[in-house]
Amino acid sequence: MPITSKHILISRTDNIGDIVLTLPMAARLRQLNPGVKISLLCRRYAADVVRYCNDIDEVVEEEEVADDLYGFLRGSDIDTVILAQPNRELAKAAFLARVKHRIGNARQKVYQLIYCNDRVRFSKGLSENHESQINFEFLRPYGDNHIPNRQEIPDHYHFTVPHDAEIAAGFAPYRFNLILHAKSNGHGREWPVDYYIALAHTLGQHPGVQIWLTGSAGEGEWLQQNAVALLALPNVINTCGSMSLARLTQFIAQADGLIASGTGPLHLSAAIGQRTLGLFPPTRPMHPGRWAALGKRASNLCTDQAPCTGCEKLRIMTCDCMRKITPDQVLAVVARWVEEKKAGA
């Protein structure tokens, strides 16, 4: 018999990209449970971004409750916990706190078979679905077996990102503000830095197109050591390490487009409706079939050739698969964006 919930806690304490790809499921939960309260457990660094999502009523910061998950659950009215990411401590605490519905993937971890009572069973490795589609498997206890197609996923994103006057003033002098998020914090195969240099150099011939580099402080240091030519270009401004994740979200929302490989800001950009271009290898599990940017103004580039030899086992930032995505291909997308904005689209 399908379950119903009044207060759902979704647990997702890993990276922002994974959290963003869980949010469409939250939107569907609200449709299935009219009047439901939805809370999301995440790390503090991502909390303010999640608060921009209209489908999340309350954000619970992991750092605030990690020392006493049992006490937190017992003191709440949460009647459903969804382990969208395996979490032994939370699963056990929910069991001991007698949370009515405990949803977890019994194929992932044995303890979820023990502590969860509304179990789902699926394999991410064997699935042909996108990560955001896979998360809908957790809704089967509600009697909902529909997995949205990729074109439907963007309709499940509902964000309100506040406008920032300082960011607007920084963008105002330029006709088109393009964000390049060149690094991936080790989470994706990256487009070669010399290709970013070639792209930025060519865009320098287009008046009014300004490039903004985003990333962590560590990624900014890497660029300073390995991309001196990129940072030296007059049409490039380096902002790495200068923004919180929440402010980066505002920055992305107020820009005109973003280009990145498989990393959190890519998915965030697509979800909030920005022009977004994802760059991917064809290699499982890094391929766009699993991790493409999905948004109303998102697109992706990937070579249609076979993966380079031993690609899935390579422990390097980039590879020949990524080199097959040429700067000219990316330039064509940016040129289309510029014309689109010029036309007022």
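Arg98 counts as exposed, at 73% relative accessibility. Exposed means over 50% relative accessible area, buried means under 20%, and partly exposed lies in between, with a 1.4 Å probe and protein chains only. This is a predicted model, in which local features need pLDDT of at least 70 and side-chain atom pairs count only at pLDDT 80 or more, while totals for chains, interfaces and linings use all residues. Residues are numbered from 1 along each chain as its sequence is written, and side-chain values use heavy atoms, with hydrogens and water left out.

Stay with Arg98 for a moment. Arg98 sits in the loop between H6 and E5. Helices (H or I, at least four residues) and strands (E, at least two) are DSSP runs, numbered from the N terminus. Most residues other than glycine have a negative phi, and most peptide bonds are trans. Arg98 is not a glycine, yet its phi is positive, at about 60°.

Now step back to Ala97. Ala97 belongs to the loop between helix H6 (88–96) and strand E5 (101–105). Is Ala97 buried or exposed? Ala97 counts as buried because its relative accessibility is 7%. Which residues does Ala97 touch, leaving aside its neighbours within four places in sequence? Ala97 is in contact (heavy atoms within 4.5 Å) with Tyr70, Leu73 and Arg74. Asp55 is 42 residues from Ala97 along the chain, and their C-alpha atoms are separated by 26 Å.

Next come the sheets. Strands of a sheet pair through backbone hydrogen bonds, either parallel or antiparallel. Here, two strands pair if DSSP finds at least two bridges between them. Angles run from 0 to 180 degrees between N-to-C directions, and axes are lines fitted to C-alpha atoms, for helices over the stretch in contact. Look at E5 and E6: they pair in the parallel sense over three bridges. Asn105 stands opposite Val120 in E6.

Another open sheet of six strands runs in the order E9-E8-E7-E10-E11-E12, again with parallel pairing. Its edge strands are strand E9 (236–238) and strand E12 (298–302), and each pairs on one side only. Direction ignored, neighbouring strands of this sheet are turned by 20° against each other on average. Strand E7 (residues 176–181) and strand E8 (residues 209–213) run parallel, joined by five bridges. There, Phe176 stands opposite Val209 in E8. E10 and E11 also pair in the parallel sense, over four bridges. Ala260 has Gly278 in E11 as its bridge partner.

Focus on E11. How many of its five residues are buried? Five of the five are buried, and E11 is mostly covered. In a regular strand the side chains alternate between the two faces of the sheet. Thr276, Gly278 and Phe280 point one way from E11, and Leu277 and Leu279 point the other way. H14 lies across E7, strand E10 (257–261), E11 and E12, and runs at about 145° to E11.

Helix H13 is mostly covered too, with eight of its ten residues buried. Among them are Leu245, Leu248, Phe251 and Ile252.

Pro285 lies in the loop between E11 and H15. Further along, Asp304 is placed in the loop between E12 and helix H16 (320–323). Asp304 is exposed because its relative accessible area is 76%.

Finally, look for the largest pocket. About 730 Å³ of space lies in it. On a 1 Å grid over the protein atoms alone, a pocket is an open set of points where a 1.4 Å probe fits, with protein on both sides within 12 Å along at least five of seven lines; lining residues have an atom within 4 Å of a point. Grid points are joined across faces, edges and corners, and the volume is the space filled by probe spheres set on the points. Of the 38 lining residues, Ser184, His187, Thr263, Gly264 and Pro265 are the closest to the pocket's centre. Elements that each supply at least two lining residues include helix H13 (245–254), helix H14 (264–271) and strand E11 (276–280).
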